[in-house]
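Thanks for coming. I will keep this to a short walk through one structure, so please have the viewer open.

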Amino acid sequence: MTDNTPTLPNADWQDAPCGLLIVNSGGMIERVNARLCAWLGYEAQALALKMAFMNLLSIGGRIFYQTHIAPLVRMQGEAADLKLDLVTASGERLPALMNIARRADDSLSVSCVLMSGRAQYEQELLLMKRRAEDAVTNLTRGRVDAEDRALLAEQMIGIVSHDLRNPLMAITAGLDLLAPVSTTDRQRKVHALTVSAAGRAERLIRDLLDFTAARIGTGLAITRRSTDVFRSLEDAVDEMRLGFPEHVLRLTCTGRSHFEIDPDRLVQLLGNLVGNAVRYGAPGRPIEISVNGDEDLHLSVQNEGSPIPLEQQALLFDAMVRGQSERNAEGVGLGLFIVRAIAEAHGGEVTVQSSSDTGTCFSVRLASS
Amino acid sequence: MNLQQRNNVRILGEGPTTLVLVHGFGCDQNMWRLLAPALAEHYRVVLLDLTGCGQSFTPAYQPDRYATLHGYASDVIAIIEAFADGPTVLVGHSVSAMIGVLVERMSPGLLTAHVMVGPSACYLNDEDYQGGFSRSDIDELLTTLEGNFLGWSSQMAPLIMGAPDRPELSDELESSFCRTDPDIAAQFARVTFLSDHRDDVSHIRSPALILQSTDDLIAPLSAGQYVASVVPGSVLSMIENIGHCPHLSAPEACLAAIQQFLRENALGA
């Protein structure tokens, strides 16, 4: 083997820290430097004009070379950044990074550096990448399944609640017919309890329907109309006093009384807040209801009693959240969710303040239009 | 996204016969750059990039559709119906010779003849059949692909060393040669090298020219001889060439053989 290159004497490239090859146009190795021979475990004489360049590659590398690299080198004269395994005389694989350039006489010059450590690192990266991709796939699938189940459950609530209304209407109509014929004390007592239970069932169903409308339907619907707010609320509070005879409900009204709002929703909102105050407030202590009309309508309901823990306050308006109370677990935890939905449908909001000094106060703002 | 854009279809020349040139695994229509201009002097030449390769519209690649070569064959049928004029010859390199076989099977009469460049009906050895490869060879190819595509962060072209003696190639063109999405390349490799179309090829009745390189690792002589033995009236033409791409490294010999074959079948000009 001789080299007559004037700029780079033979000895300089023989031990350069990279493998260097000249491959003739027939694909045979023509010249090879000592460094590469040492890596491969071949004598230079065993390679030069005796072995095809292809045979230094693994079979997988040969296919990639023939289908991709060779046409690339032919078309653009070169290919770089090629990661191919060299196969040594003893059959060992040496991961290498190669650059190949075509020369004027259609021979190739090839340089390669070993990259065992880096190849191992890349292998680990690939493994981690695959694991990450699998994890993302599983998470996505899990999330889609959970969303499907949740949606189905909410739709089911809507359908069942809707269907329960018909038999309940029949029960209520039947109770109306039974009222005049309930003559004994015992009959009147049973009748009154049954009427009250039917009323509770009706409110539960209404809450569930409002919940499904707010969650998956078109949103909670309101119909604004000209309303004398003070009057509506005074009537509603009178009714509530009958419902909660053992509690003191105080109503204070100030400012403007006439608003364009949904009066039925307003009464529903107040009913939910008062129901909460009765359920969770200190027994026998008065419940303060304050209404103030300025540009917007402000309404607050305050009760004494143990405060709501701070960490619970943030979740209070979510569906299915209920406070800790042994008393009277009426409802399914939708009351405050619906209060918020009504407030938001009116372009307003609801907030809560709770401390051991002042008790718990829910404040609602409803925008006038 | 129309058909022309999806498969980067290009039409060159006019003539009594349409030649549809379909590249193989690992590259794109650039592979025909030394053959297409000469053919276009006499024929209507249709060039295309298979879906997922080269400058095709990659988002159109659906793994299910291209899980076998039939998806590619459907694409080629649609392209022939839209762009071919007169008798049509499919010139398929490597795996695309089998795509041509499926085109004839799926749409009989659409093709008048086949030119198969380095065809192989089955790349895997199977008892007496010598495809040239074992299953573990193909697995090794997939590993090699993976290693080489690791550095191809989505849009970045691999480093070009710079070819001062080849100013005719613009940087843009250079970096776009045979680029492909790594996941698509891996699936295309599996579909190509694990397929077995020996039964399909035995049903071919159109005349076929087989261009067989004298030294081809991917499609060895035994593979070309097999195709020649099962296609009645096929012509096996040996091309003095080392490697799998005689249309790039021996274009004159390929051109002469194709011209002669077309003339003999009354398709020439």
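First, the conventions. This is a predicted model, in which local features need pLDDT of at least 70 and side-chain atom pairs count only at pLDDT 80 or more, while totals for chains, interfaces and linings use all residues. Residues are numbered from 1 along each chain as its sequence is written, and chains are lettered from A and ligands numbered from 1 in the order in which they are written.

Chain A has 10 helices and 12 strands. Helices here are DSSP runs of H or I with at least four residues, strands are runs of E with at least two, and both are numbered from the N terminus. Of the 369 residues in chain A, 26% are buried. Buried means that 20 or more other C-beta atoms lie within 10 Å of the residue's own; exposed means 12 or fewer, partly exposed is in between, and the C-beta atoms are placed from the backbone. Take the contacts in chain A between residues at least 6 apart in sequence: 58% of them join residues at least 24 apart. A contact requires C-beta atoms, placed from the backbone, within 7 Å.

Chain B has 11 helices and 7 strands. Its residues number 269, and 48% of them count as buried. For contacts in chain B between residues at least 6 apart in sequence, 75% join residues at least 24 apart.

Now one helix pair inside chain A. The axes are lines fitted to C-alpha atoms, for helices over the stretch in contact, with angles running from 0 to 180 degrees between N-to-C directions. The crossing of H6(A) and H10(A) is left-handed, meaning the near helix is turned anticlockwise from the far one by less than a right angle; clockwise would be right-handed. On the H6(A) side we have A:Asp207, A:Asp210, A:Phe211 and A:Ala214, which meet A:Gly335, A:Phe337, A:Ile338 and A:Ala341 of H10(A). By class, this contact has 5 nonpolar, 1 polar and 2 charged residues. Nonpolar covers Ala, Val, Leu, Ile, Met, Phe, Trp, Tyr, Cys and Pro, charged covers Asp, Glu, Lys and Arg, and the others, Gly among them, are polar.

Next, the interface. Contacts link 30 residues of chain A with 36 residues of chain B. On the chain A side, H4(A) gives the most, with 15 residues. The classes on that side are 13 nonpolar, 11 polar and 6 charged.

H4(A) also packs on helix H5 of chain B, residues 135–149: the axes come within 7 Å and cross at roughly 65°. That crossing is right-handed. Among the residues making the contact are A:Ile59 and A:Phe64 of H4(A), and B:Leu141 and B:Leu145 of H5(B). The contact of H4(A) with H5(B) divides into 5 nonpolar, 5 polar and 2 charged residues.

Which residues have the most contacts inside the largest nonpolar core? They are B:Val20, B:Leu21 and B:Ile99, in a core of 104 residues. H4(A) supplies the largest share of this core, 8 residues. A second, separate core has 35 residues, including A:Leu208 and A:Val350. A core is a set of buried Ala, Val, Leu, Ile, Met, Phe, Trp, Tyr and Cys residues joined through C-beta atoms within 7 Å.

Last, single residues. A:Leu49 has phi near 60°, a positive value in a residue other than glycine. A:Leu49 counts as exposed because it has 11 C-beta neighbours inside 10 Å. B:Ser94 also has a positive phi, about 60°, and is not a glycine. B:Ser94, with 28 C-beta neighbours inside 10 Å, counts as buried.

B:His23 lies in the loop between strand S2 (18–22) and helix H2 (36–40) of chain B. B:His23 counts as buried, with 28 C-beta neighbours inside 10 Å. The C-alpha atoms of B:His23 and B:Val91 are 8.6 Å apart, at a separation of 68 residues along the chain.

Methods: Two residues are in contact if their C-beta atoms, placed from the backbone, lie within 7 Å.
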